Structure formats: structure tokens, C-alpha cells
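Visitor: I am new to reading protein structures. Could you walk me through this one, step by step?

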Amino acid sequence: MRPIKFFFKINSKLSRREKNLLLLLFIVLIFYIIMNIFIPLLQNYKQKQEKLMSLREEYKKMVDYYNDLMREKKYMGEFKKKKEEVLNILPDNGDLENIIESIDLLSAKNNVKILMIKPEGENTGEKGEKYASFFIQIEGSKKDLYSFISDFENQKRLTFIDSFVINFNNENLGSVELKVRYVYY
């Protein structure tokens with residue numbers, strides 16, 4: 001309470017002109033404080049807010065770019081997987097070792113004995129596809145021979161059985177002669 005009494009005491013002793021000057025000084029002081037303290041603070045705040053907005057935009061662009069990259073990576077993975085599937089069905093070369101190995105694995109799976117695998121050369125089809133032709137002779141039980149032929153037809157790699165001859169020696173044993181084409185590009 002003492003400062004208020006002091007203010008009123010000073011206020012009563014001042015003339016009208018001094019009071020006006022004091023009011024003007026007070027207004028100038030407030031204007032100075034506003035111009036030199038508050039406005040720079042507001043401008044600094046505004047600059048930081050604009051920088052924050054630009055950083056948010058940049059962050060959003062980076063997140064979108066990252067999401068695009070992840071989407072492309074996913075599509076590339078799917079593309080590579082599909083490409084491998086297609087190459088399993090239709091390889092880009094007529095690798096004789098792989099063909100003979102696949103025939104050998106198929107015969108082992110179906111318990112048939114390979115008597116002969118004879119490559120008969122390569123030919124080119126109408127659309128540029130290439131064929132590796134083979135003559136295959138196998139023997140085994142009736143059930144195993146049918147199973148071999150069925151698995152041979154259902155394998156993933158694109159193959160054609162041009163002809164086959166089945167010979168049965170007795171009720172359960174026999175042999176099969178196949179002429180087949182393995183397709184590749």
C-alpha cells in the first residue's frame with residue numbers, strides 16, 4: 001500500500017503539464033518496449049513457425065519418398081519372384097546339365113531306372129523359342145512309369161512330349177521311350 005500512497009502524493013504535487021509529460025513519457029516507454037521487445041519476439045516466433053512449417057513439409061515429402069521407395073522395393077521383390085517363376089517355367093538357356101539333372105531327379109522320385117538319355121540337338125520355333133530335344137528311355141513298374149510320365153507332364157518347366165512308346169514285359173514291369181522338347185528363349 002505504501003507505493004500507491006507515494007504515487008498519489010506525487011500525483012497531487014505535479015502540475016497538469018508535468019502530468020501530461022509523465023503520461024507522454026509513459027506512452028513512449030510502452031511504445032519503445034513494444035517496438036524493441038515484443039515485435040522482435042513476435043517476428044522471431046513467426047520465423048520459427050515458418051521454419052517449422054517448412055520442416056514439416058520437408059518431413060512429409062521425405063516420408064512420402066520413403067513410402068514410395070518401400071512400395072517400389074516391394075514391387076521389385078514381387079517382380080524378381082515372378083521373374084524367377086517364369087525362368088523356372090521358361091529358362092533363358094538350354095542348359096543340358098540342368099535338364100539331365102531334372103530328369104534324373106524325376107526318375108529317382110518315381111523309382112524308375114534311366115536306360116538312356118540322348119540329346120538330339122536344338123531347334124528354333126516360329127516365335128523365336130528354342131527347343132532342346134531329347135530321347136529318353138526308362139524302365140520300372142507300371143505304376144512308377146505312369147507316375148513318372150504324369151510328373152514329367154506336370155513339372156514347372158515348359159516341356160512337350162512329342163511321342164512315347166510304352167512296352168510291358170510282364171504284368172508289372174515295362175519300359176517307356178520318350179521324345180521330348182524342353183523350351184527356352
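Visitor: Which residue takes a positive phi in the hairpin of strand 1 and strand 2?

Guide: Good place to start, and keep in mind that this is a predicted model. The hairpin has five residues between strand 1 and strand 2.

Visitor: How many bridges join strand 1 to strand 2?

Guide: Strand 1 covers residues 113-124, and strand 1 and strand 2 run antiparallel. As an example of the pairing, Met116 stands opposite Gln137 in strand 2. The number of bridges joining strand 1 to strand 2 is nine.

Visitor: Which strands are the edge strands of the sheet?

Guide: Let's look at the whole sheet: four strands form an open sheet with antiparallel pairing, in the order 1-2-4-3. An edge strand pairs on one side only. Read the two ends of the order 1-2-4-3, and you find strand 1 and strand 3 (159-168).

Visitor: By how much are neighbouring strands of this sheet turned against each other on average?

Guide: This angle ignores the direction of the strands.

Visitor: How many bridges do strand 2 and strand 4 pair over?

Guide: Strand 2 and strand 4 pair in the antiparallel sense. Within strand 4, Ser175 stands opposite Glu139. The pairing of strand 2 and strand 4 runs over 12 bridges.

Visitor: Is Ser133 buried or exposed?

Guide: Ser133 is found in strand 2. Not counting residues up to four places away in sequence, Ser133 touches several residues, including Lys118, Pro119, Val180 and Arg181. Its relative accessibility is 11%, and the cut-off for this class is under 20%, so Ser133 counts as buried.

Visitor: Why does Ile149 count as buried?

Guide: Ile149 lies in helix 4. Leaving out residues up to four places away in sequence, Ile149 touches Phe164, Ile166 and Val176. Buried means under 20% relative accessible area, so Ile149 is in that class because its value is 9%.

Visitor: Is helix 3 parallel, antiparallel, perpendicular or oblique to helix 4?

Guide: The axes of helix 3 and helix 4 come within 9 Å and cross at roughly 140°. Angles over 145 degrees would count as roughly antiparallel and 65 to 115 as roughly perpendicular, so helix 3 is to helix 4 oblique.

Visitor: Which residues of helix 4 make the contact with helix 3?

Guide: The crossing of these two helices, helix 3 and helix 4, is right-handed. On the helix 3 side, the contact is made by Ile103, Leu106, Ser107 and Lys109. On the helix 4 side, the residues are Phe148, Asp151 and Phe152.

Methods
Residues numbered from 1 in each chain as written. Predicted model: local features only at pLDDT ≥ 70, side-chain atom pairs only at ≥ 80, totals over all residues. Heavy atoms only, no water. Buried < 20%, exposed > 50% of the residue type's maximum accessible area, 1.4 Å probe, protein only. Contact = heavy atoms within 4.5 Å. Pairing = 2+ DSSP bridges. Axes fitted to C-alpha atoms, helices over the stretch in contact; angles between N-to-C directions. Parallel < 35°, antiparallel > 145°, perpendicular 65-115°, else oblique. Left-handed = near helix turned anticlockwise from the far one by under 90°.
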